[in-house]
Amino acid sequence: MSVHSSASVKRITTHTLQEMKHRGEKISMLTAYDYSMAKIVDAAGMDIILVGDSASNVMAGHETTLPITLDQMIYHASAVVRAVKRSFVVVDIPFGSYQGNSSEALRSAIRIMKESGAHSVKVEGGSEIKESVVRILSAGVPVMGHLGLTPQSIYKFGTYTVRAKEEAEANKLLEDAKMLEACGCFALVLEKIPAALAKKVAESVSIPVIGIGAGPDVDGQVLVMHDMLGITQEFKPRFLRQYADLQKTMMEAFQNYISDVKNRDFPNQSESY
Ligand code: KIV
């Protein structure tokens, strides 16, 4: 049962998130990709639900986020939006749907907003995608930026190690953050960068900065649902806190069911008509 009855629900907006930063109230953000899970996440009181292109990994089994398509992101996003009463829903624009030119970026963002009913979009990168960011914002679509480790550029980086350890890259990241704020982005994600740099960015911009592997001194935190629930067991970076061991719980449930079927224990008389 939802802890928020529809009558009393006050939806989270970009304005709410901005106020939270000013009050110093931390912002909670988690990924979700389907109706049933999003319903639980929303009812739990999550501030932001990210329909991440990590769906490419955890839902579709791809090695990277690159293969997921705009149509697939819209499918996941519309399922999530149908479940949500309170959380603010952000959707990743997938690789290849905004980097080419700003008209394509705008078309992709509009498709996501129109066809899924989501509240905003997220894009990876700084100065390289400025034109696309400005064009999407010009249509009144809220944009969340994403700097640091940007998984859509994995083949440029070559590894998933910590980004912006060197001064030149750290300076560029700080400049990109300020540029995204100046363009009108409502928030930023910083992924896998030194905590001191993330703190500096959060202090240098007035929009909320959400971290993943970016230390405690930012305005909020985001994790991938399957990682924090322990459904994916092979991915255990230092920044991940695992809040459950659902792989174990689910494995036991599945094995108990198999055993009950094989032993003719299920269904029993009270489970039959
Ligand atoms: O796709 C995703 O899940 C993300 C988070 C890691 C921030 O972008």
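Predicted model: local features only at pLDDT ≥ 70, side-chain atom pairs only at ≥ 80, totals over all residues.
Let us begin with the barrel. Eight strands form it, in the order β1-β2-β3-β4-β5-β6-β7-β8; the barrel is closed, and its pairing is parallel. Going from one strand to the next, the twist averages 25°.

Now move to β8, residues 220-223. Strand β1, residues 27-31, runs parallel to β8, and 4 bridges join the two. Within this pairing, methionine 29 has valine 222 of β8 as its bridge partner. Strand β7, residues 209-212, also pairs with β8 in the parallel sense, over 2 bridges. There you can look for glycine 211, which stands opposite glutamine 221 in β8.

Where does valine 224 sit? Valine 224 is found in the loop between β8 and α10, the latter covering residues 225-228. Is valine 224 buried or exposed? Its relative accessible area is 15%, and because buried means under 20%, valine 224 counts as buried. Leaving aside residues up to four places away in sequence, valine 224 touches Leu30, Thr31, Tyr33, Ser54 and Val58. For a sense of distance, compare valine 224 with glycine 148: they are 76 residues apart in sequence, while their C-alpha atoms are 17 Å apart in space.

Next come the helices. Two packed helices are described by the angle between their axes and the distance between those axes. Start with helix α4, residues 70-83, and helix α5, residues 102-116, whose axes come within 9 Å and cross at roughly 35°. This crossing is right-handed. On the α4 side, the contact is made by Leu70, Asp71, Ile74, Ala77, Ser78 and Val81, and on the α5 side by Ser108, Arg111, Ile112, Glu115 and Ser116. By class, the residues of this contact divide into 5 nonpolar, 3 polar and 3 charged.

In the one with helix α6, residues 130-138, the axes of α6 and α8 (residues 167-183) come within 10 Å and cross at roughly 25°. That angle makes α6 roughly parallel to α8, and α6 passes α8 in a right-handed crossing. Lys130, Val133, Val134 and Leu137 of α6 meet Met179, Leu180 and Cys183 of α8. This contact has 6 nonpolar residues, no polar ones and 1 charged.

The other packing joins α8 to helix α9, residues 195-204, at an angle of about 25° with the axes 10 Å apart. The two helices are therefore roughly parallel to each other, and their crossing is right-handed. From α8, the residues Ala170, Leu173, Leu174, Ala177, Lys178 and Glu181 meet Leu197, Lys200, Val201 and Ser204 in α9. The residues of this contact divide into 6 nonpolar, 1 polar and 3 charged.

Key:
Residues numbered from 1 in each chain as written. Heavy atoms only, no water. Axes fitted to C-alpha atoms, helices over the stretch in contact; angles between N-to-C directions. Parallel < 35°, antiparallel > 145°, perpendicular 65-115°, else oblique. Left-handed = near helix turned anticlockwise from the far one by under 90°. Contact = heavy atoms within 4.5 Å. Nonpolar A, V, L, I, M, F, W, Y, C, P; charged D, E, K, R; others polar. Pairing = 2+ DSSP bridges. Buried < 20%, exposed > 50% of the residue type's maximum accessible area, 1.4 Å probe, protein only.
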